[in-house]
Amino acid sequence: VNPPGPVTSLQIDNATSLAVSLSWDGPDTSTKPVTSYTLEYKKTDEPTYIPFELDSALSESATVTGLSASSDYTFRVRATSANGDGDWSSIETSTVR
């Protein structure tokens, strides 16, 4: 039994001095429905991703706050279903100004 496919269309909708707004589309749900999404981010030059708590487990958008100005950040998202975790989305990078 397969986990969900990767999240698609991850995009940066807006970037401000301390926050980045993102949105994405859920994967093909031909296996089992998505039960939650996981969003992670990191400074581009750092090795470790930081989980970001979504307002709703099924939300397909988020605004990551508390970022440092003049820094580059990388973001990724994955879906989870009763069959397990899907693959990570493509990576999006944004500069917080």
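**Serine 9 and its contacts**

User: Leaving aside neighbours within four places in sequence, which residues is serine 9 in contact with?

Analyst: With those neighbours left out, serine 9 is in contact with Ser23, Trp24 and Asp25. Contact means heavy atoms within 4.5 Å.

User: What should I know about the model itself?

Analyst: It is a predicted model, in which local features need pLDDT of at least 70, side-chain atom pairs count only at pLDDT 80 or more, and totals for chains, interfaces and linings use all residues. Residues are numbered from 1 along each chain as its sequence is written, and side-chain values use heavy atoms, with hydrogens and water left out.

User: Back to serine 9. Which side chain does it join in a polar contact?

Analyst: The side chain of aspartate 25, at 3.3 Å. A polar contact is a pair of N or O atoms within 3.5 Å; within protein, one must be able to donate a hydrogen and the other to accept it, and residues adjacent in sequence count only if both atoms are side-chain atoms.

User: What about the phi of serine 9?

Analyst: Its phi is positive, about 60°, although serine 9 is not a glycine. Most residues other than glycine have a negative phi. Serine 70 also has a positive phi of about 60°. Serine 70 sits in the loop between strand 5 (61–64) and strand 6 (71–81), and it is exposed, at 66% relative accessible area.

User: New topic: how many aromatic pairs are there?

Analyst: A search of the whole structure finds 5 aromatic pairs. Rings of Phe, Tyr and Trp (its six-membered ring) pair if their centres lie within 6.5 Å; planes under 30 degrees apart count as stacked, over 60 as edge-to-face and the rest as tilted. One of the pairs is tryptophan 24 with tyrosine 37, edge-to-face, at 5.9 Å centre to centre and 65° between the planes.

User: Which strands do tryptophan 24 and tyrosine 37 lie in?

Analyst: Tryptophan 24 lies in strand 2 (residues 20–25) and tyrosine 37 in strand 3 (residues 34–43), so the pair ties together parts that are 13 residues apart in sequence. Both tryptophan 24 and tyrosine 37 are buried.

User: Which ring does tyrosine 41 pair with?

Analyst: Tyrosine 41 pairs edge-to-face with phenylalanine 52, at 6.4 Å centre to centre and 70° between the planes. Tyrosine 41 is in strand 3 and phenylalanine 52 in strand 4 (residues 50–52), so this pair links parts 11 residues apart in sequence. Tyrosine 41 is buried, at 12% relative accessible area, whereas phenylalanine 52 is partly exposed, at 21%. Tyr41, Phe52, Tyr73 and Phe75 form one aromatic cluster.

User: Now charges. How many salt bridges does the structure hold?

Analyst: It holds 2 salt bridges. A salt bridge is a side-chain nitrogen of Lys or Arg within 4 Å of a carboxyl oxygen of Asp or Glu. Arginine 76 and glutamate 40 form one of them, 2.7 Å from N to O. Arginine 76 lies in strand 6 and glutamate 40 in strand 3, so the pair ties together parts that are 36 residues apart in sequence. Arginine 76 is buried, at 18% relative accessible area, and glutamate 40 is buried at 12%. Aspartate 85 and arginine 78 also meet in a salt bridge, at 3.3 Å; aspartate 85 is partly exposed, at 40%.

User: Which ring does arginine 76 lie over?

Analyst: The face of tryptophan 88, at 4.0 Å from the ring centre. A charge sits over a ring if NZ of Lys or CZ of Arg is within 6 Å of the ring centre and within 35 degrees of the ring normal. The charged end of lysine 42 sits over the ring of tyrosine 49 as well, 5.4 Å from its centre.

Methods: Helices (H or I, at least four residues) and strands (E, at least two) are DSSP runs, numbered from the N terminus. Buried means under 20% relative accessible area, exposed over 50%, partly exposed in between (1.4 Å probe, protein chains only).
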